[in-house]
Amino acid sequence: MTGTKGPSDRSETAREIRLRRRAIAVLMGSLLVAFWAALGATSLGIEVSLLRALLGIALVTLAPGFLILLLLDHRIDRLGEAALYAVGFSLVFLAVMSVVISLLYPVLGVPEPLSTLPIALTITGAVFVLTILSYRQDRSLDFRVPSIDRRDAKIAAFLVCLPAFAALAAHRMNAVGSNRSMYAFLLLVAVVVLVSIRAVPPKLYPLAVFAVASAIFLHRNLITNAVIGSDIQVNYFFVELLLENGVWDPAMVGVYSSIPVVGTVPAVYSVVTGISAAFVFKVLYTLLFALVPVGIYYAFEDVFGANAAFVGAYFFTFYFRAFNGTPGKTRIAQLFVILIVLVVLTDRDRLPAREWVGFVFGVGLIFSHYTTTYIFVISLAVAYVVGRLYEAYSGEDLGWSIVGVYAVAFGGASICWYALTTPGMIQSVVTVLAGIPVEIYATLSGEAVHRSGASAVEEGSGTVYLITLLVHMLLMALAGIGVLAQVLVALFSAGRTRRTDATKLATLAIPMLLFLGASYFVSGNLGADRMYQIVLVVLAPFMPVGYLALKESVSFVRDVDVPVWQPILTILAVLLLLNTGVVYNAVGSPVTSDVALDRDTHSLAYTDAEIDGGEWIDDNSVGGPVVYTDSYTGEMFRAIVPETYSDARVVQIKVDWRPGIEFSQGYVYVRERAVVDAEAYDDEPPQYYLTESERAAIERSTNKVYTSGEADVFRYDRTDSRRFGEESD
């Protein structure tokens, strides 16, 4: 139950790699020279876009972070773990840099600091200074790289090919609408999961986690050329606005000004690499998010063992909200959450300046997502209190003061930052908190709050949905058992090895479980599904711990010989096939998010032709137009005319606009994928669909003014007194 390492967790032979100061200086200098050569070639019209993109990604993502890590005189010698720290440092550096130069450079006469030359010069200067500092301090980079034989090399090559397979499958869906490659890819990943612990050596576990996570996250994000999801639409609009204006302004688009890691950093990536903002989100940020399960593995490996950490990382990866949309504020914030957890668990001799490192990642968390920040701050505060109570009970020193300092520092810094950049956010938080008692009362009275856990249980229908719900409940119950097992070990099994770190993690997991339990009764403007995702970054590795504890109990009581990992890997493979929609499609009950398996499904993924129709309205309307459309398509307009920036008003047909009410003067946008045959449904079609008769009524009472082939735009004529509700009855 304490996670003692098994035979598969034994240390592997490794070879040491050392980069001395001269080699580091040459490497960084070569990178800068090559990047500027590619940038110059681009300005001269020479086609080197791929080379510029690759050099720009290396310069922006790795160079600043590795140099900052180098200055800390650390003892982190696992290359993958060091890369995690480097990426975290680089993202914080870019976020702070983009804000600072936006405030400073205009004063110095540079009106567009977030344009190519100012950004490139600033990053170059920073890398140059950091290189000089590391050279003068005679620092070197020392890594242990596992030694691999020919079989290991073949396994590694196969794993690296998984993201490419996902990209190929997505390309086939986009090009010809064929889902055969996608089914083959998803079934292959399920097989990989089933054989992972038997076939993959522990030294390749981090690579396996990253490869599988990247592939699963990419397979849906690469569908269409646009970002996929709801809130990410406004996020994308803000980044495009930054690219147009060339400067960050806290008053531009509400809350996205206060979270520069996802607000301004994507613009920096786009400017430096020359790739589109949509590609930055859909590919680069997806790969950054794939580092989260890798961080989970590294944080929990030394505590619970490599196999348990490996399985926990898979659990996090296969939750549907991890891959059902383009990574934005919630997902990227989880990278900083796991980095902070990793810092807290790291010994001081490996990371002497860990307090400051954790604070830097706390800035990254605050700059990524406000809600995740508040949840994590409260969890740290509760963990600190629980830890102090445990110390008083056991007499053991957890070294938990750092958690209390972080709770106060992150909480205070977040309140100050959000008050300065988005004053209305504090009021919104207070409003949400004030509404929690009302939501709890409503749930206890039998009226489930929208998007609460209770509503998810009540509103779902169908056998496959019930199976999916039960699988999630089973896995989270195992996570709860894992937390309880660690609590019992801490209280009643003195002297167990590695008990201190396991106890630390348990104290942090307790408030996470409480948050998840509360989400059954309240939504809090967040939803139980998003709360599940936020807390899963800490709770996921407790699932295999709970599974092991339960297995030990069953074997002790009934003397049952159960294979160690195969049952739980089988459940995770089933979870993958359920959440990716494979099982739903196999039984003929596809869900609306299955865009990766059905190009024609009505979801939050938008094609270029559909976006063209929305942009036509924006380009050809005078003032703030009124746009009538369905709820799913209405999310697309958040990237075209967001309510926080535009006077346009998007009205949801069949929700905000009731049948029988005439159109006001405005546009009606009809997406082809939103129109269905009502006879195909036993009951009334969902509100995010239009029936053929409703579309016909719209065509009779309005004038078609634009078509993109996949969407039609209609204009209402005030002289026509017919009503939509009357025509569609």
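Residues are numbered from 1 along each chain as its sequence is written, and side-chain values use heavy atoms, with hydrogens and water left out.

Confidence first. pLDDT is the predictor's confidence in each residue, from 0 to 100. The protein has a mean of 87, and 91% of its residues reach 70 or more. Over residues 1–11 the value stays under 50, and residues 719–729 also stay under 50. Where pLDDT is low, the predicted coordinates should not be read in detail.

Next, helix H13, residues 291–304. Helices (H or I, at least four residues) and strands (E, at least two) are DSSP runs, numbered from the N terminus. H13 reaches 19 Å from its first C-alpha to its last, close to the 20 Å expected at 1.5 Å a residue, the expected span being 1.5 Å times one less than the number of residues. Of its 14 residues, 13 are buried, so H13 is largely enclosed by the rest of the structure. Buried here is under 20% relative accessible area, exposed is over 50%, and partly exposed is in between (1.4 Å probe, protein chains only). Just after the helix, glycine 305 has a positive phi of about 100 degrees.

Now the salt bridges: a side-chain nitrogen of Lys or Arg within 4 Å of a carboxyl oxygen of Asp or Glu. The whole structure has 19. One of them joins glutamate 301 to arginine 78, at 2.6 Å, N to O. That pair links distant parts of the chain, 223 residues apart: glutamate 301 is in H13, and arginine 78 is in the loop between helix H3 (63–71) and H4. Glutamate 301 counts as buried at 14% relative accessibility, and arginine 78 is buried at 13%.

A second pair is arginine 695 with aspartate 712, the closest N and O atoms being 2.5 Å apart. Arginine 695 lies in helix H29 and aspartate 712 in strand S9, so the pair ties together parts 17 residues apart in sequence. Both residues are buried.

Last, the surface. Valine 100 sits in helix H4, residues 79–104, and counts as partly exposed at 42% relative accessibility.

Definitions and conventions: Predicted model: local features only at pLDDT ≥ 70, side-chain atom pairs only at ≥ 80, totals over all residues. Contact = heavy atoms within 4.5 Å.
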